[in-house]
Amino acid sequence: MAGARPIRILTAHSQPQLRVGMAASIRAQPDMRLVAEAGDAQSAIGNYRAHRPDVALIDLRLTVLSGLEAIAAIRAEFPGARIIVLASHEDGEKLLRALQAGARGFVLKDQLSRELIDAIRLVAKGGRYLPAPVSRIARPHAMRTISPGESDELRLLTRGLNDGEIAHQLPLSDDSVPVHLIGISDEPGGDDRL
């Protein structure tokens, strides 16, 4: 990687200790450079405008404006912005909205230490970073409004529950959960590539 331009990164999270942890992980990588940090959505938008990073890491739970509003504002001004959402297990529906707004992937906050660097590298190259269980329902052609029942299934899936556990918590049979989840992603004419 000698001579290659480093991946320029913006982080936006309201908790300083998480920003410090992300900064340390990023600075430890020879192919990455942290160019800006933000503690709220307005600062994230301003720093994106000022620094034009290759990848922005944006928490869904920012202050002043939400992370969703920050993503929408950045993408409106910079349609090619590559954004990774930092989400919690409870953010299932918000996560889908963030992907609809143009986010290129997400990392669960409790997986940051294991997945953050891989996610940044993949998104910087133009790819999408979606944890395997969610990738089957978050395909580009699946970016549509989902029903409350589908939202419940997505929320439980992002919490790491398997089909049987989801069925136990919802009024579904074990066999019908995969059918419902596949139905979320099956749009006529859609293609299966991420």
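A residue counts as partly exposed when its relative accessible area falls between the under 20% of buried residues and the over 50% of exposed ones. Arginine 33, at 44%, is therefore partly exposed. Keep that scale in mind as you look through this model, which is a predicted one. The protein chain has 194 residues, and 48% of them are buried. Its secondary structure amounts to 9 helices and 5 strands.

**Overall layout**

- Reading from the N terminus, the elements follow the order β-α-β-α-β-α-β-α-β-α-α-α-α-α.
- Among contacts with a separation of 6 or more, 64% are between residues 24 or more positions apart.
- The chain exposes about 9,300 Å², and carbon and sulfur atoms supply 50% of that area.

**Nonpolar cores**

- In soluble globular proteins, nonpolar side chains tend to be buried together.
- Here the largest nonpolar core holds 29 residues, and those touching the most other members are Tyr48, Ile58, Ile74, Ile83, Val85, Ala98 and Phe106.
- At least two residues of this core come from each of the strands E1 (7-12), E2 (32-38), E3 (55-59), E4 (83-87) and E5 (105-108), and likewise from each of the helices H2 (41-51), H3 (67-77) and H4 (92-100).

**Helix H5**

- Helix H5 covers residues 112-124, and its 13 residues should span 18 Å at 1.5 Å a residue; the end C-alpha atoms lie 17 Å apart, so the two values agree.
- Its buried residues are Leu112, Glu115, Leu116, Ile117, Ala119, Ile120, Val123 and Ala124.
- Those buried residues pack against helix H1 (16-27) and against strands E1, E2, E3, E4 and E5.
- After H5 comes glycine 126, which has a positive phi, near 100 degrees.

**Aspartate 59**

- Aspartate 59 sits in strand E3.
- With a relative accessible area of 1%, aspartate 59 is buried, because the cut-off for that class is under 20%.
- Its side chain makes a polar contact of 2.8 Å with the side chain of lysine 109.
- Another polar contact, of 3.4 Å, joins the side chains of aspartate 59 and histidine 13.
- Beyond its neighbours within four places in sequence, aspartate 59 is in contact with Ala12, His13, Ser14, Gly67, Leu86 and Lys109.

**The aromatic pair**

- If you are looking for ring-ring geometry, the structure holds 1 aromatic pair.
- Tyrosine 48 and phenylalanine 78 form this tilted pair, with 5.2 Å centre to centre and 50 degrees between the planes.
- The pair links distant parts of the chain, since its partners are 30 residues apart: tyrosine 48 belongs to helix H2, and phenylalanine 78 to the loop between H3 and E4.
- Both tyrosine 48 and phenylalanine 78 are buried, and tyrosine 48 is also one of the residues with the most contacts to other members of the largest core.

**Arginine 33**

- Back to the residue we began with: arginine 33 lies in strand E2.
- Leaving out residues up to four places away in sequence, arginine 33 touches Pro6, Ile7, Arg8, Ile9 and Ile26.
- Arginine 33 and proline 53 are 20 residues apart in sequence, while their C-alpha atoms are 9.5 Å apart in space.

Methods: Residues numbered from 1 in each chain as written. Predicted model: local features only at pLDDT ≥ 70, side-chain atom pairs only at ≥ 80, totals over all residues. Heavy atoms only, no water. Helix = DSSP H or I, 4+ residues; strand = E, 2+ residues; numbered from the N terminus. Buried < 20%, exposed > 50% of the residue type's maximum accessible area, 1.4 Å probe, protein only. Contact = heavy atoms within 4.5 Å. Areas by Shrake-Rupley, 256 points an atom, 1.4 Å probe, with all protein chains shown as cover. Core = buried A, V, L, I, M, F, W, Y, C linked by side-chain atoms within 4.5 Å. Expected span 1.5 Å × (residues − 1). Polar contact = N/O pair within 3.5 Å; in protein donor to acceptor, adjacent residues only side chain to side chain. Phe/Tyr/Trp six-rings, centres within 6.5 Å; stacked < 30°, edge-to-face > 60°.
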